[in-house]
Amino acid sequence: MKIPSITDADRKHYRESGYFVIRQVIPAGLLRDLRREAAKAHDIAVRLHGPQTQRLAPLKAHAAELDLRPFQEFDHIEGLSDAIQALLTPEHSLKPTEDACLLFGPRERPWSTEWHRDWRDHVLEAEFQAEIGDARWQEIATDFRLWNQVNCPLYEDTSTWYVPGSFKRVHNTPAEMRVYASTTQQELWDESRRRTDEELEEFCLRYCQAMPGAVQLVLNPGDFCIYRNVGWHLGNYVPYRRRATLNTHCFTPAYVKFAADYAHMLKAVEAGIERHARLTRV
Ligand SMILES: O=C(O)CCC(=O)C(=O)O
C-alpha cells in the first residue's frame, strides 16, 4: 500500500481549514497488531479510570502489559514521514507513538467533551494577557510549526468534530460563545443520570451540530487526520461504537520550545483551579 503524494491543493486545504486526512496509512498486518494492543490498553484504562474512560497515555508507561513494538513500527510506516513533511515542512516529525495516547469510546453511556480550543482555553486569562496577549496569540495560533495534532483511528471513527478555519481567529464569535455557554461538562457527562442513554446521546449530538460551521470528521481505519488543535473541536462518544484511536502530534523544535517555555501556564488548570477561563468572555 502506497501513501498518496501530497499536492498543492492538499497543502492549501490544511492551511485554510486547519485539518487534512492522509488516507489509510496503516498496513493491514500492523493494523491487526495495533488493534490487539489497543484492546489491552483499553482494559488497562478501564481498570485505572473506570468504564467511561477516554484515554491511556503515555503508552510506554504500560510497557509491562503492552507490547510496544507495533507502536514503534507505526513511527516507521513507509512514506508517512515524507507525507507529513510534504504537508507541513521538512522540520516536522512524528512524536514517538509510545509517548502518545490512545483514545477510547465509553463502555457504559454516551458523553461528549465541551467544545474547546486546546491550550488557549486551558490557561488563566489574566496570565495569558500578561505573558502573551491577543496580537502574539494570532502569530502563535497560525504558526504551522505548532499545533499539529493527529488522530489515527484503528476502527472507523466519527467522534471528532471540528470547526474549519477557527484556528485563525483570536476571538470567538458571539454565536460560537452561545453554543459553548449552552451547557456544561457536567451536563454532557450526566453522572446524576437525569437523562436516559438515548436522551443523552441526542443531547450531545445536538450540541455538536449546533456549533456554526462544524464538521464531523469521518475517519476510516488507518486514516491519519492532522488538525490544528487550537481550532474549535470536541469528541462525542457512544458505547455502541468501538473506538481505539491513536492521538499524537507532528512536532518541531519550535513546538518543543513553546511547550517548555509556557508549561507553567497550564499548571493552574491542571490543578483544577480554573477550567476554560477564557470562555467566560467573547
Ligand atoms: O476525542 C477526540 O477526538 C477529541 C478529544 C479532545 O479534544 C480532548 O480530549 O481534548
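A residue is termed buried if 20 or more other C-beta atoms lie within 10 Å of its own, exposed if 12 or fewer do, and partly exposed in between, with C-beta atoms placed from the backbone. The model is predicted: local features need pLDDT of at least 70, side-chain atom pairs count only at pLDDT 80 or more, and totals for chains, interfaces and linings use all residues. Residues are numbered from 1 along each chain as its sequence is written.

**Figure 1. Residue A9 in helix α1.** A9 has its place in helix α1 (residues 8–17); helices (H or I, at least four residues) and strands (E, at least two) are DSSP runs, numbered from the N terminus. A9 counts as exposed because it has 8 C-beta neighbours inside 10 Å. The C-alpha atoms of A9 and L87 are separated by 10.0 Å, although the two residues are 78 apart along the chain.

**Figure 2. The protein as a whole.** The protein contains eleven helices and eleven strands. Its radius of gyration is 18 Å, close to the 19 Å that the globule rule gives for 282 residues, so the protein is as compact as a globular protein of that length. The radius is taken over C-alpha atoms, and the globule rule is 2.2 Å times the number of residues to the power 0.38. Along its principal axes, the C-alpha trace spans about 50 × 45 × 35 Å. Of the 282 residues, 34% count as buried. Among contacts between residues at least 6 apart in sequence, 87% join residues at least 24 apart; two residues are in contact if their C-beta atoms, placed from the backbone, lie within 7 Å.

**Figure 3. The open sheet of four strands.** The strand order is β5-β10-β7-β8, with antiparallel pairing. The strands β5 and β8 (215–216) stand at the edges, each with a single partner strand, so one side of each is left without a neighbour in the sheet. Two strands pair if DSSP finds at least two bridges between them. Strand β5 (residues 111–112) is joined to β10 by two bridges, and S112 has N236 as its bridge partner in β10. Strand β7 (residues 160–162) is joined to β10 by three bridges, while two bridges join β7 to β8. Residue Y162 has bridge partners in two strands: H233 in β10 and V215 in β8.

**Figure 4. Strand β10.** Five of the five residues of β10 (residues 233–237) are buried, so the strand is largely enclosed by the rest of the structure. From β10, H233, G235 and Y237 point one way, whereas L234 and N236 point the other way.

**Figure 5. The surroundings of the ligand.** The ligand is surrounded by L103, T113, N151, S159, T160, H233, L234 and G235; a residue is near a molecule if its C-beta atom, placed from the backbone, lies within 6 Å of it. Strand β10 gives the most to this shell, with three residues. By class, the shell has two nonpolar, six polar and no charged residues. In this classification Ala, Val, Leu, Ile, Met, Phe, Trp, Tyr, Cys and Pro count as nonpolar, Asp, Glu, Lys and Arg as charged, and the others, Gly among them, as polar.

**Figure 6. The nonpolar cores.** In soluble globular proteins, nonpolar side chains tend to be buried together. A nonpolar core is here a set of buried Ala, Val, Leu, Ile, Met, Phe, Trp, Tyr and Cys residues joined through C-beta atoms within 7 Å. The largest such core has 46 residues, and those with the most contacts inside it are L102, F224, C225 and I226. A second, separate core of eight residues includes F128, L146, W147 and V230. Not counting residues up to four places away in sequence, L102 touches A38, A41, R55, L56, L59, A244, T245, L246 and N247.

Figure 7. The peptide bond from A57 to P58 is cis, with omega near -15°, and P58 is found in the loop between β2 (55–56) and α3 (69–74). In the loop between α6 (133–141) and β6 (148–153) is W147, whose phi is near 65°, a positive value in a residue other than glycine. W147 is buried, with 26 other C-beta atoms within 10 Å. D190 lies in the loop between α8 (185–189) and α9 (197–210) and has a positive phi of about 50° although it is not a glycine. With 18 C-beta neighbours inside 10 Å, D190 counts as partly exposed.
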